[in-house]
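Colleague: I have just opened this one and would like to go through it with you. Could you walk me through it step by step?

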Amino acid sequence: MMTDTPTLPGFISLQGIGKSYQLAGQHLAILNDVNLSIARGESCGILGASGSGKSTLLNILGLLDLPDCGAYRFAGHDIFNATPDQLAAIRNQQIGFVFQSFNLLPRLSALDNVALPLSYRGVSRQESVARALHMLEQVGLAERAHHRPADLSGGQRQRVAIARALVGAPAVILADEPTGNLDSHTAQDIMDLLLALNHEQGVTLIIVTHDPHIAERLNRQILVRNGVVHEAQCV
Amino acid sequence: MSLRVEQSLSQLLHEAFVSLRTLGKRSILALLGIVIGSSSVVALINIGHNAAEDAAMIFKDMGTDTLVAQFPPKGNSTVPMPTSLDLQAVRQAVPGIAHIGAISSFSGPVVFHGRTTNAGLIGSTPGLKDAMRLALREGRFLSEFDSGETYAVVGDQIAQALSMPGDPLRLGDRVRVNDYLFLIIGILQNQPRSMLIPVQTNESLFIPAAGMRRIYSSPQVGSVVLRATPGQDMERIASDATKAMSAQLMDHTVEIQIPQQMIDGMTRQSRTFAYLLLALGAISLVGGGVGVMNVMLMNVSERRREIGIRMALGARQRDIRNLFLLEAVTLTAVGALCGAVMGMGAAYLYAWLSGWQFSLAVSALPLGVGSTLLVGLFFGIYPAISASRLQPVEALRDE
């Protein structure tokens, strides 16, 4: 699997990625010829106005959506040749998602939400609960483990979501506006938590944001404008 | 990195438990349909089983070696039946008859110490005791030598009806029928009801056939009860006896029903009935299944976002399919269990109201619960597969 396509540099590498949608009979190009390479352990901000295609880029990076053309390698896997089951397994084992609207399952307790990714790896219930509890302790929410998401504050919900993203020890965390629904103080806490993970555990961090203050704290800033990607090397 | 892993059983059980805990009102309504369907299947199978068992019981007591001959008139003839038949001649003409007895019956009041009850008055020949398998609690049955006497043998119910605490009906007492006093020489044991014999033994007073004229001006032979010796071909005995008795009768035909034929007829009838009931249960189950499918489809469309999240967390298509299939089956399993309990209750109630003995049909529970689960599986598959076909990005986008 490692050698069936030309080797592309980096842990995550995209070459000539394009994506377009058919909307109301109109052909809408969202991404054009995106070339991007991200190394293991980097932290990147993806910036852009709404409608620029940054969410589509994140979906493609997170294997939730498939590009129309180009080449994409993720941790040595050729995404174009992977079956849906393989994509699911890569998502499960390599990627942790953090969403703007938290996306916790309302029917499950915080603990069960965090334990959920492990269930799709064949981990037994008992072990996955133990690991989830440990992860909730790390984000400082052990005493809220049995609360439903509805009983938690926004900041607490996002911590639960981060614990869920981390429980499977992923290589990459993809965060889509992780602080978008939080007040500035809580947003600061959440960013500190994400950056600490990046620094201390070497987790690759990719954050979609429109907030330049957040982007400043990351290694790289990638600008998406009208479906084209520019590298902004500042700081 | 292994790419093929299955969810462990403990995780699946947990998912099923969560889906049960969060059952909505709509699920409960769908459950109702399943409960009705499953309980009717269980109840109907069991009721059919108990009915068949009850019918079998009657014949077990009666035995299949008994034949009853009846004498419908030929054409429009109004000539009454003779007062007696030459049973000895029949017995000689037909080998294999162990016992033979004639019955001429009508009913009237029986009075004892001022207490009156209505009884079947059965003019009997001595062979009737063994032909009908009558068992005596006290005394003896009518014999050859009693034909001129005013003797009577009383059935269990009549004996009880004529008794009072401190003044029971005993051997040697005399009961009055019309203007004659009959001496009680025997009291019968309680006899099971018989399908075959046209006499309610427990509500009857047996008196000698020859003396019937004392209380009724024109007694007629109503039927003849025959019992074969063991191991006889009942059809041959029936046809031989028909011939022998027809020879003595001018204006009446002889009709003999063979118990085995009646049993076969009843089994056939109860089987048809059971199939009908089963079809009814199946239809209500399908109705319940449609309800489950409806709930599951709503469930899938309401939880698109959840499906997207689960896919983002690494659920494969088959995990999503299993999730919703499991929920459908859990839902129907609850319905099946409630239905099994209710169905058994209904069958018990029905047996109790019909005066049957309740016994559990072996096939009722597995068949009822199993068919319900199959219905859940069948109607759960389509919603589950449609859920699993969602694309993660589309499912996540859905608000």
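Modeller: Gladly, and let us begin with chain B, where the C-alpha centres of domain 1 and domain 2 lie 56 Å apart. Please keep in mind throughout that this is a predicted model.

Colleague: Which residues belong to domain 1 and domain 2 of chain B?

Modeller: Domain 1 of chain B is made of two stretches, 9-59 and 264-397, while domain 2 of chain B covers 72-253.

Colleague: And how many residues of chain B are in contact with chain A?

Modeller: There are 24 residues of chain B in contact with 27 residues of chain A. On the chain B side, the elements that contribute two or more residues are α1 (9-21), α8 (304-312), α9 and α11 (392-397). Sorted by class, that side of chain B holds twelve nonpolar, eight polar and four charged residues.

Colleague: Let's switch to chain A. What does its secondary structure come to?

Modeller: Chain A has seven helices and ten strands. Its radius of gyration is 18 Å, close to the 18 Å that the globule rule gives for 235 residues, so chain A is as compact as a globular protein of that length. Along the principal axes, its C-alpha trace spans about 50 × 40 × 40 Å, and 49% of the 235 residues of chain A count as buried.

Colleague: Which strands form the open sheet in chain A?

Modeller: Four strands form it, in the order β2-β1-β4-β5, with antiparallel pairing. At the edges stand β2 (26-38) and β5 of chain A, each with a single partner strand, so one side of each is left without a neighbour in the sheet. Further in, five bridges join β1 (residues 12-23) of chain A to β4(A), and A:Leu14 stands opposite A:Tyr72 in β4(A).

Colleague: Then which residues have the most contacts inside the largest nonpolar core?

Modeller: They are A:Val114, A:Leu136 and A:Ile173, in a core of 116 residues. Helix α9 (residues 317-354) of chain B gives the largest share of this core, twelve residues. Apart from it lies another core, of 53 residues, which includes B:Val68, B:Leu128, B:Ala159 and B:Leu205.

Colleague: What is A:Val114 in contact with, leaving aside its neighbours within four places in sequence?

Modeller: Its partners include A:Ala132, A:Met135, A:Leu136 and A:Val160, and also A:Ala163, A:Arg164 and A:Val167. As a general point, nonpolar side chains in soluble globular proteins tend to be buried together.

Colleague: One last topic, backbone angles. Where does A:Asn103 lie, and what is its phi near?

Modeller: A:Asn103 lies in the loop between β6 (95-98) and α3 (110-119) of chain A, and its phi is near 55°, a positive value in a residue other than glycine. The residue A:Asn103 is buried, with 21 other C-beta atoms within 10 Å.

Colleague: And is B:Arg133 buried or partly exposed?

Modeller: B:Arg133 has 19 other C-beta atoms within 10 Å and is partly exposed, because a residue counts as buried if 20 or more lie within that distance. Phi of B:Arg133 is also near 55°, and B:Arg133 sits in the loop between α4 (128-131) and β4 (136-139) of chain B.

Conventions:
Residues are numbered from 1 along each chain as its sequence is written. Chains are lettered from A and ligands numbered from 1 in the order in which they are written. This is a predicted model: local features need pLDDT of at least 70, side-chain atom pairs count only at pLDDT 80 or more; totals for chains, interfaces and linings use all residues. A nonpolar core is a set of buried Ala, Val, Leu, Ile, Met, Phe, Trp, Tyr and Cys residues joined through C-beta atoms within 7 Å. A residue is buried if 20 or more other C-beta atoms lie within 10 Å of its own, exposed if 12 or fewer, and partly exposed in between; C-beta atoms are placed from the backbone. Two residues are in contact if their C-beta atoms, placed from the backbone, lie within 7 Å. Ala, Val, Leu, Ile, Met, Phe, Trp, Tyr, Cys and Pro count as nonpolar, Asp, Glu, Lys and Arg as charged, and the others, Gly among them, as polar. Domain bounds come from an automatic or database domain assignment. The radius of gyration is taken over C-alpha atoms; the globule rule is 2.2 Å times the number of residues to the power 0.38. Two strands pair if DSSP finds at least two bridges between them.
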